[in-house]
Each structure stands twice: as C-alpha cells, then as structure tokens.
Amino acid sequence: MFCLRQRLHPGAQIVTVHLHRVHKLASLQNAATLPPKKVQSLLYPFSSLDAYLDRSVDRTPFQLFHPSLEDMVRAEQLFHSSPSHKIDYCASAERMDHAPALKPPEVCFIGRSNVGKSSLIKCLFALTPEVEVRVSKTPGHTKKMNFFKVGKAFTIVDMPGYGYRAPKDFVDMVQPYLYRRTNLVRTFLLVDGSVGLQKADLIALELCEDTRRPYVIVVTKIDKCKHGTLLTNLMDLHDVVETQTTSCFPQPFLISSLNFWGIYLLRCFIAHVAGGIKLTDTSQS
C-alpha cells in the first residue's frame, strides 16, 4: 500500500488517499500474457514435475481436478470485491461458542505454525488487497479463528497454527469447530512442501479423519525446494493419503504464495466445493 497526498487549492487541507496495489499475477488475465510454459506452471503446478517422474508412476491422483481456463476465470470473479459482492474480514473467535452465526458455506485452513496459512489466504484475496490478512514471519502469529466473508457466496476461515508456539487451548478451539460447524464444507490441511509431512501434520490428519468430513491437503512453499526434494515429499504424502485416509481428496494442491503457482486452481476448487460455480470441464472432485 502507498499514500498519495494531493493539495486541492491554496490553503486547503491536505487529503491523504490510500491506494492498494494489486499484484501483477493476481488476475488470470495478466498471467495469461506470459509465455505458454510459464502459464502452464502457474495454472497447473504439477505439470512442472511431470517430466521428473518415472513413466511407471500413475499421474491420475495428481490431476483429478483439472478445470478449464474458462472455469478458473469464472471462479476468479468471486474473488473480486464489488458493492454487491463485498469481500472483507468478518470476525474473530477464540471458541466455537464465539464464532459468528453465518449461513453461507465455509472452508477453513489449518496447518503447522509458519506453514503459510495467512500468506496463502492473502494471496487468494490478492484481487482485493484492501482486505486485511495479517501475515507475520513469527510462527504462531494467528491466535484466533479469523472469518473472512466472500460476499454471500462463502466464508474462508484462517485457523490458528498447531505445533510450535500454538495457542495453549488450540485443541479446545479448533476441534469443536471441525466437528460441529454445520456449514463447513471443506477443510484444507496445509503441509510445507520443503520439509514434507511432520509428526504434528500426521496428528492433524488423524483429527481430520476422525471428523469424517471431506478435507484436502495443500502443499505450500513449493518454490523453497528443488524438484527432487519436492517429489520425494509428494510421493511420501501420496502413500499416506492412499493407505491411511478415507475422507481426504486424493489430489494435493501445490502452492507457492510467492509466485502464485496453483492459486488460480485452488480458487476454482474452493468456489466449486462451496457451490459458487458449476464447472463445465473437469474430472471428478
């Protein structure tokens, strides 16, 4: 954000106008002007790893959700704020009993402290940069459940991180929400792609399984490691999902909040599972 100071006339009061910069890759319209290979990596990050995989590896689980460009453009419209479709922070809560009574479908994001939850949500809302999503380099910055309304379409919930510097009452705060929130349609469990599944992630995965509600794994920080490391962690994750889960969507979503890789695909999936759009060209989801 930057400030523009403008003097209206001699002796007039100085007016300060706050302008918010929209990231150049926030919109598909701008991303589509890049070279074709770069566009492919932005839209479908797994395509950049395909060449490094042995031919015997089944690619199907990594490409189940493969919407068209047109579907992603329609989904993107829901992330544009307007007078009739306002996107904004709604409320915070330390307990399920304090959570706002909202009717639209909800999706929530959980993950280890410093896995990049707030950065990811800020990236999803990059088309509406005036939405205040606090991002900190200090692990455990998010201490409450933060609710962001996307018009009347759906709500995105940023949950406190678990593990290092997690709130002491993390379980008391998060577990009732995951079990009892009636309008929760999907939980997104974030895993750091540069380090892979950690012990705390496996505990969170078990919690998601116990709720018997559908959830999805999002692999963050894919720009922070080499292809070999990412593929190793991705294959380990795939084995766990295939052998130890029943409610997890088989496809992990690969994300870089720094480079916007996978953001358009994730926006489309969120809009789809929350009922905001009906897809015209994709596989099962």
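Predicted model: local features only at pLDDT ≥ 70, side-chain atom pairs only at ≥ 80, totals over all residues.
## The chain as a whole

The chain has 285 residues, and 52% of them are buried. Its secondary structure consists of 9 helices and 9 strands.

## Helix 4 meets helix 9

Helix 4 covers residues 69–77, and helix 9 covers residues 263–273. Their axes come within 8 Å and cross at roughly 70 degrees. Helix 4 is therefore roughly perpendicular to helix 9.

Which residues meet here? From helix 4 come Asp71, Met72, Ala75 and Glu76. From helix 9 come Tyr264, Leu265, Arg267, Cys268 and Ala271. By type, the residues of this contact divide into 6 nonpolar and 3 charged, with no polar ones.

## Lys117, a buried lysine

Lys117 lies in helix 5, which spans residues 117–124. Is Lys117 buried or exposed? Its relative accessible area is 6%, so Lys117 counts as buried; the cut-off for buried is under 20%.

Set aside the neighbours within four places in sequence. Lys117 is then in contact with Phe109, Ile110, Gly111 and Arg112, and also with Asp158, Met159, Pro160, Gly161 and Leu190. Pro160 is 43 residues from Lys117 along the chain, yet their C-alpha atoms are separated by 8.9 Å.

Conventions:
Residues numbered from 1 in each chain as written. Heavy atoms only, no water. Axes fitted to C-alpha atoms, helices over the stretch in contact; angles between N-to-C directions. Helix = DSSP H or I, 4+ residues; strand = E, 2+ residues; numbered from the N terminus. Parallel < 35°, antiparallel > 145°, perpendicular 65-115°, else oblique. Contact = heavy atoms within 4.5 Å. Nonpolar A, V, L, I, M, F, W, Y, C, P; charged D, E, K, R; others polar. Buried < 20%, exposed > 50% of the residue type's maximum accessible area, 1.4 Å probe, protein only.
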